Number of protein chains: 2
Amino acid sequence: MGKGEETRQAILDEALALASKIGISGLSVGSLAERTGMSKSGLFAHFGSKEEMQIAVIRESQERFADVVVRPALKEPRGLPRLRAMFGNWLGWTQKIKLPGGCLLISAASEFDDQPGPVRDAVAAGQKVWRDTLAHAVGMAVEAGELRPDTDIDQFVFEMVGIVLVCQQNRRLFHDKGSDKRAFEAFDRLVRDRAATGGKRKKE
Amino acid sequence: MGKGEETRQAILDEALALASKIGISGLSVGSLAERTGMSKSGLFAHFGSKEEMQIAVIRESQERFADVVVRPALKEPRGLPRLRAMFGNWLGWTQKIKLPGGCLLISAASEFDDQPGPVRDAVAAGQKVWRDTLAHAVGMAVEAGELRPDTDIDQFVFEMVGIVLVCQQNRRLFHDKGSDKRAFEAFDRLVRDRAATGGKRKKE
DNA sequence: TACTTTTTAGCACGAACGTTCGTTTTTGTC
DNA sequence: GACAAAAACGAACGTTCGTGCTAAAAAGTA
């Protein structure tokens, strides 16, 4: 299918950029139409409702997230290298896809966490999938003997997410260039704290 | 001087509650007027502009934050006890003042981090003051010999903030009751990692 | 080229937005 | 109780919001 999908993509391009600055709920059909040079109704027809438009933005973000964060990391060897790649890719993914603002999946989470509905559901579902992916990666580091067997995997992921959240806040609110360095430092401490003593152990 | 301030306070009460659910930028003069049973213009006159209204909400939040988080913690003895009190009070402060949603200072930070203007400035300034307060508290724990002298204080605060952020996200997005427990666990690990050897010890 | 389907524009709608203004009600002071 | 000041109201402003329609234009297909 040619043209339709093409302009829809162009709309989403612009929508992602705008939403990364002013938030998902700040998106409006009018402003988006103006930016893309379309008519309000023409643009609107691609989604059917504002809510569907917001969900489309979320979905698109999640797809790009999978493209630039998850998939590249899966090419790394299992265990700590892959986990670290996930962490690093996550920290920098919005810059990689050239969003002018911050991570709109994070801000969407805080925008909609108290507003029940399909948008919130989409955000929460995505977050859960990602956390599960992280948990799985941590689990493999445990199996590989890189992390201690008694490692609380969910706790590990919990703290990992926290580091990314504060890094994002630091970067965007204070324009602190050292945020990433601090984040990696925190991550390393997180790993070191659970690092298996002695040699590596392979589960057979 | 009496009546005006009184209703202004009533407006802010309602505004805080509403904003904790839908965010600061979601506040509208109309909806707020309806909730307080006032006319739009009557309510509007108390602030002069929507932006001033938003700032007033931020300020009010910051004052309450100081009341229920900072001041009570200052009554604790310097060092780790006080630091821990700050952390604990922070985690639960929105429940204490009975906000229906989450911490609107946190969500305001992510709402406005890419939108220059006085609102953003107010949020950022408040965050900075709070982080400085935390840093000072950490510094006293170092001076007291509870944390190692080579402790990177800003890094400590950085990670501390991260824990609170992820706790908030966990609680509100996933309704995870165990968030606070995880947060305290992370905090304890943070402290233990820097704990001075031979100093006070927390029972495990 | 002709025809069908998809995509876009134009226009209008009711509602809500932030804001201004003049008027009315309430409040505090003598 | 009189009177000035403060507070609240009601109506209206021009805009923008999301969302319907219908017609025109473009794209895809034969």
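Me: What makes B:Lys50 a polar contact of DNA strand C?

Reply: A polar backbone atom of B:Lys50 is 2.6 Å from a phosphate oxygen of DNA strand C. A polar contact is a pair of N or O atoms within 3.5 Å; within protein, one must be able to donate a hydrogen and the other to accept it, and residues adjacent in sequence count only if both atoms are side-chain atoms. The value of 2.6 Å is within the limit, so the label holds.

Me: What should I keep in mind about the source and the numbering?

Reply: This is a predicted model: local features need pLDDT of at least 70, side-chain atom pairs count only at pLDDT 80 or more, and totals for chains, interfaces and linings use all residues. Residues are numbered from 1 along each chain as its sequence is written, chains are lettered from A and ligands numbered from 1 in the order in which they are written, and side-chain values use heavy atoms, with hydrogens and water left out.

Me: Which side-chain atoms reach DNA strand C, and what do they meet?

Reply: An N or O atom in the side chain of A:His46 is 2.3 Å from a phosphate oxygen. The side chain of B:Lys40 places an N or O atom 3.0 Å from a base nitrogen.

Me: Which residues come nearest to DNA strand D?

Reply: Of 20 residues around DNA strand D, A:Ser28, A:Lys50, B:Ser39, B:Ser41 and B:His46 come nearest. Sugar and phosphate account for 61% of the atoms of DNA strand D within 4 Å of the protein. The surface near DNA strand D has 4 nonpolar, 12 polar and 4 charged residues.

Me: Which atoms of A:Val29, B:Ser39 and B:Lys3 lie by phosphate oxygens of DNA strand D?

Reply: For A:Val29, a backbone N or O atom, at 3.0 Å. For B:Ser39, a polar backbone atom, at 2.7 Å. For B:Lys3, a polar side-chain atom, at 3.1 Å.

Me: Why is the pair A:Arg172 and B:Asp114 called a salt bridge?

Reply: A salt bridge is a side-chain nitrogen of Lys or Arg within 4 Å of a carboxyl oxygen of Asp or Glu. The closest N and O atoms of A:Arg172 and B:Asp114 are 2.7 Å apart, so the pair qualifies. A:Arg172 lies in helix α8 of chain A and B:Asp114 in the loop between α6 (104-112) and α7 (118-143) of chain B, so the pair joins two chains. Both residues are buried.

Me: How many salt bridges cross the interface of chain A and chain B?

Reply: The rule finds 8. One of them pairs B:Glu159 with A:Arg189, at 2.5 Å from N to O. Over all chains, the whole structure has 26 salt bridges.

Me: What does the contact of chain A and chain B take in?

Reply: It takes 42 residues from chain A and 42 residues from chain B; contact means heavy atoms within 4.5 Å. The two chains bury about 3,800 Å², 51% of it on carbon and sulfur atoms. Buried area is the accessible area (1.4 Å probe) that two parts lose on being put together, summed over both. The interface also has 21 residue pairs in polar contact, with both residues at pLDDT 80 or more. The largest share of the chain A side, 15 residues, comes from α8(A).

Me: Why is B:Arg64 called buried, but its partner B:Asp13 partly exposed?

Reply: Buried means under 20% relative accessible area, exposed over 50%, partly exposed in between (1.4 Å probe, protein chains only). B:Arg64 has 17%, so B:Arg64 is buried. B:Asp13 has 41%, so B:Asp13 counts as partly exposed. Their side chains meet in a salt bridge of 2.4 Å, N to O.

Me: Why does B:Thr94 count as buried?

Reply: Because its relative accessibility is 5%. B:Thr94 is in helix α5 (residues 80-96) of chain B; helices (H or I, at least four residues) and strands (E, at least two) are DSSP runs, numbered from the N terminus. Leaving aside neighbours within four places in sequence, B:Thr94 is in contact with B:Leu99, B:Gly101, B:Gly102 and B:Cys103.

Conventions: Near = heavy atom within 4 Å. Nonpolar A, V, L, I, M, F, W, Y, C, P; charged D, E, K, R; others polar.
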